[in-house]
Amino acid sequence: MSQRMLTVGTILLVGVLHLPAVLNDWYFYFWWYDVMMHALGGLAIGFLAYALWKILEVRSANTWKALVLQLGFILGFVAFVGIGWEWAEALADAIVLPRLGMTDAQLGLTDTMLDVYFDLFGGVVAWILMNVKKQGENT
């Protein structure tokens with residue numbers, strides 16, 4: 001499967017799973033749903049960051065130094081998007097959701113920290129999967 005298909009497919013999966021969850025309050029009824037969605041979101045953004053790395057990269061040797069730099073780039077990108085998402089939830093809680101009579105998206109610091117942790121976990125999984133795939137193509 002191509003990297004483009006993995007990236008687009010994972011992003012679509014996140015969107016398809018997120019919409020009914022918001023409409024039916026699954027994030028509040030099933031504690032594990034939020035964990036799963038942040039891990040999948042981190043995976044999707046990790047795939048996207050890997051693609052961006054490949055576009056920006058001029059040359060790369062398969063050295064441990066290059067792999068660590070690549071991992072840092074991917075995790076930085078995932079963290080940036082994940083923290084942006086948490087800010088958007090906080091703004092929604094302050095401005096939008098009270099006017100719609102909806103429950104808060106932000107459940108506190110522990111929830112936010114776990115969300116970012118699972119975003120990063122998904123990013124690491126994306127990095128591993130793409131590098132294993134790359135090694136398989138090189139043999």
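## Burial and overall form

Buried residues account for 34% of the 139 residues in the protein chain. Here buried means under 20% relative accessible area, exposed means over 50%, and partly exposed lies in between (1.4 Å probe, protein chains only). This is a predicted model: local features need pLDDT of at least 70, side-chain atom pairs count only at pLDDT 80 or more, and totals for chains, interfaces and linings use all residues. Residues are numbered from 1 along each chain as its sequence is written, and side-chain values use heavy atoms, with hydrogens and water left out.

The protein chain has five helices and zero strands. Its pattern along the sequence is α-α-α-α-α. Helices (H or I, at least four residues) and strands (E, at least two) are DSSP runs, numbered from the N terminus. Along the principal axes, the C-alpha atoms fill a box of roughly 55 × 25 × 20 Å.

## Surface and contacts

The protein chain exposes about 9000 Å². Carbon and sulfur atoms supply 75% of that area. Accessible areas come from the Shrake-Rupley method with a 1.4 Å probe; for residues, only the protein chains shown count as cover.

Contact means heavy atoms within 4.5 Å. Take the contacts between residues at least 6 apart in sequence: 72% of them join residues at least 24 apart.

## Glutamine 3

Glutamine 3 sits in helix α1 (residues 3-23). Its relative accessible area is 18%, so glutamine 3 is buried. Neighbours within four places in sequence aside, glutamine 3 is in contact with Phe47, Tyr50, Ala51, Met130 and Lys133.

One partner is also reached by a polar contact (a pair of N or O atoms within 3.5 Å; within protein, one must be able to donate a hydrogen and the other to accept it, and residues adjacent in sequence count only if both atoms are side-chain atoms). The side chain of glutamine 3 comes to 3.0 Å from the backbone oxygen of phenylalanine 47. Valine 78 is 75 residues from glutamine 3 along the chain, and 17 Å separates their C-alpha atoms.

## Aromatic pairs

Rings of Phe, Tyr and Trp (its six-membered ring) pair if their centres lie within 6.5 Å. Planes under 30 degrees apart count as stacked, over 60 as edge-to-face and the rest as tilted. The count comes to eight aromatic pairs. Tyrosine 117 and phenylalanine 118 have ring centres 4.9 Å apart and planes at 85°, so this pair is edge-to-face. Phenylalanine 118 also forms an edge-to-face pair with phenylalanine 121, at 6.4 Å centre to centre and 75° between the planes.

Phenylalanine 118 and phenylalanine 121 both lie in helix α5 (residues 109-138). They are three residues apart, about one turn of the helix. Tyrosine 117 has a relative accessible area of 49%, so it is partly exposed. Phenylalanine 121, at 43%, is partly exposed.

## A ring cluster and a nonpolar patch

Trp26, Tyr27, Phe30, Trp32 and Tyr33 are linked into a cluster by ring pairs. Tryptophan 32 belongs to helix α3 (residues 31-56). At 41% relative accessibility, tryptophan 32 is partly exposed.

Tyr29, Phe30, Trp31 and Trp32 form a nonpolar patch on the surface. Together they have about 550 Å² of accessible area. Patches are made of residues with over 30% relative accessible area and no salt bridge; like charges are joined within 9 Å, and nonpolar side chains (Val, Leu, Ile, Met, Phe, Trp, Tyr) within 5 Å. A salt bridge is a side-chain nitrogen of Lys or Arg within 4 Å of a carboxyl oxygen of Asp or Glu.

## Leucine 107

Leucine 107 lies in the loop between α4 (64-100) and α5. Its relative accessibility is 55%, so leucine 107 counts as exposed. Leucine 107 and histidine 18 are 89 residues apart in sequence and 17 Å apart in space, C-alpha to C-alpha.
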